[in-house]
Amino acid sequence: MLNDTAFIDGFSEQLTEDYRLAKSYVRDIPTQALVYIRSFTHKLASQLATPHGLIFSSPNLYDRIEQLHSARLIDPTIVRALHRLRSDGNRGAHPEKYHLTQAQLVTIAEKSITNILRVVEKLYPVVHQHVAPGYTFEPFDSFAGRDLCYRAVMNNDAEAQYLVGMSLKAKGLMLQGQEQALAQDSDASSAQSKLSTKGEYSTAAEAFAQAGYWFTLASQQHQAAIFEHGVSLLHGYCGEVNLSEGEQLIAQAADSGIVEAQALQGFFYLVGSDQFEVDLAQAERLLTLAANAENAEAMSNLGVLYYQAQQFENAFLWINKAAQAGYPNAQYHLALMLADGLGCSSDLAASEQWMLEAAEQGQVDAMLHCGSHILHDDNASQQQRVKAEGYLHQAIKYGHNVTAMIELSVALADGILGRIDVVQAAYLLTLAKAHANDEQLAVIEPLWQSLAMQIDSVIELNPSDDEMIALQQAKLLLG
């Protein structure tokens, strides 16, 4: 019986290599597996259009899938499946935007491989006029990483060096997220001990330094590595930050057609940078190129460009596409536009749905919005309040959001969450005070005094020994 790779090859030889590479990288480099899944979906869309003479009106994959649907070449089930593959593929390009762990990325990549096979099974009769043949699925392996390392070191293979760098960069981003969260741990040594158990690279800096080393080597022959080498210089992966050289390398990569470089250089022109002054015409040109190549961040920034120019219909078009691509920042801004009816008809139900979608994907402003909304809703259930607490904790963890700290402190002090925890309330107010601006400090001060009075009042009631210890700890935090 056929194995799964031979099954794909029998459906279309043009798709086999992307499938093979995607599957081989699932366990070791899931971000790269997802990039190949996105490429597979692009090619599949083209193959579905070609026999029917359908000429796509847009290079954007979302538009192409919708055009296939409008032409009745695929049914709604296939449409949803292709959009799922497209969305998951986009996550590989920017895992840090989604706060995804390595394990979560592996899970997404594995499911995407399964989804590819299901889509091909359903499309087989459409393309070949007979049912799909049977096949067996060969298990995922973990040999790709070792093979890449061998090729990178022994063969001086630029592609392998680039991919090793990408794997290390992904690990660095994961560790960086952990470090930012653990930075709020009052016991720094405890935080470091937790990090040291996370694998070969105990800190983000170590993983980034290794990534930068491999990008430097690969950049001698590999265009995408030139972009990543530029990024590593911008962020100082290997030590000192070098903005001028980093931005020049990114511009070089953009000129050679690297989509991620076009997206980033477009952003430089949008907001200004070390080497590039604001140039909205150039920003629009580069962001459009990257957006049409399905770069979700470029779609979102193109929407921002049009929003700032008060071209709200164009802004809505691109922010909607970025949101549909699964980009959390775009989902949040789409929710705001739908609520206000900017560039679209006002739709509060859709606005709330997109806000929840953004919150579920870790967008800090959306988590704050949803968490605060629930806490101020007198009819919210206890289950919803638990969800609100989780949102606010995440907003604090990933965004050091002072408003979230204040909201959660008040909720814990007032028993809104079904319990009173003055120690945690005092800790959160202390944390908020350390990060607050003048306006926020003006809000914190009366809350600080009120909580201190609340603690003193309870102490006067002669609580139990355990309660007294907690109250004294809270009082110590407030000073």
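In which loop is H400 found?

**View 1. The loop position of H400 in the predicted model.** H400 is found in the loop between α20, which spans 382–399, and α21. Although H400 is not a glycine, its phi is positive, at about 45°; most residues other than glycine have a negative phi. With a relative accessible area of 28%, H400 counts as partly exposed, because that class lies between the cut-offs of 20% for buried and 50% for exposed residues.

**View 2. The packing of helices α21 and α22.** Helix α21 covers residues 402–414 and helix α22 covers residues 422–435, and the two pack with their axes 8 Å apart at an angle of about 160°. Because angles over 145 degrees count as roughly antiparallel, α21 and α22 are therefore described as roughly antiparallel to each other. The crossing that α21 and α22 make is left-handed.

**View 3. E294 in the loop between α14 and α15.** This loop joins the residue ranges 280–292 of α14 and 296–308 of α15, and E294 lies within the loop. The phi of E294 is near 75°, a positive value in a residue that is not glycine. E294 is buried, its relative accessible area being 0%.

**View 4. A nonpolar surface patch that includes V153.** V153 is exposed, with a relative accessible area of 54%, a value to be read against the cut-off of over 50% for exposed residues.

How values were computed
Residues are numbered from 1 along each chain as its sequence is written. This is a predicted model: local features need pLDDT of at least 70, side-chain atom pairs count only at pLDDT 80 or more; totals for chains, interfaces and linings use all residues. Side-chain values use heavy atoms; hydrogens and water are left out. Patches are made of residues with over 30% relative accessible area and no salt bridge: like charges are joined within 9 Å, nonpolar side chains (Val, Leu, Ile, Met, Phe, Trp, Tyr) within 5 Å. Accessible areas come from the Shrake-Rupley method with a 1.4 Å probe; for residues, only the protein chains shown count as cover. A salt bridge is a side-chain nitrogen of Lys or Arg within 4 Å of a carboxyl oxygen of Asp or Glu. Buried means under 20% relative accessible area, exposed over 50%, partly exposed in between (1.4 Å probe, protein chains only). Axes are lines fitted to C-alpha atoms, for helices over the stretch in contact, and angles run from 0 to 180 degrees between N-to-C directions. Helices (H or I, at least four residues) and strands (E, at least two) are DSSP runs, numbered from the N terminus. Angles under 35 degrees count as roughly parallel, over 145 as roughly antiparallel, 65 to 115 as roughly perpendicular and the rest as oblique. A crossing is left-handed if the near helix is turned anticlockwise from the far one by less than a right angle, and right-handed if clockwise.
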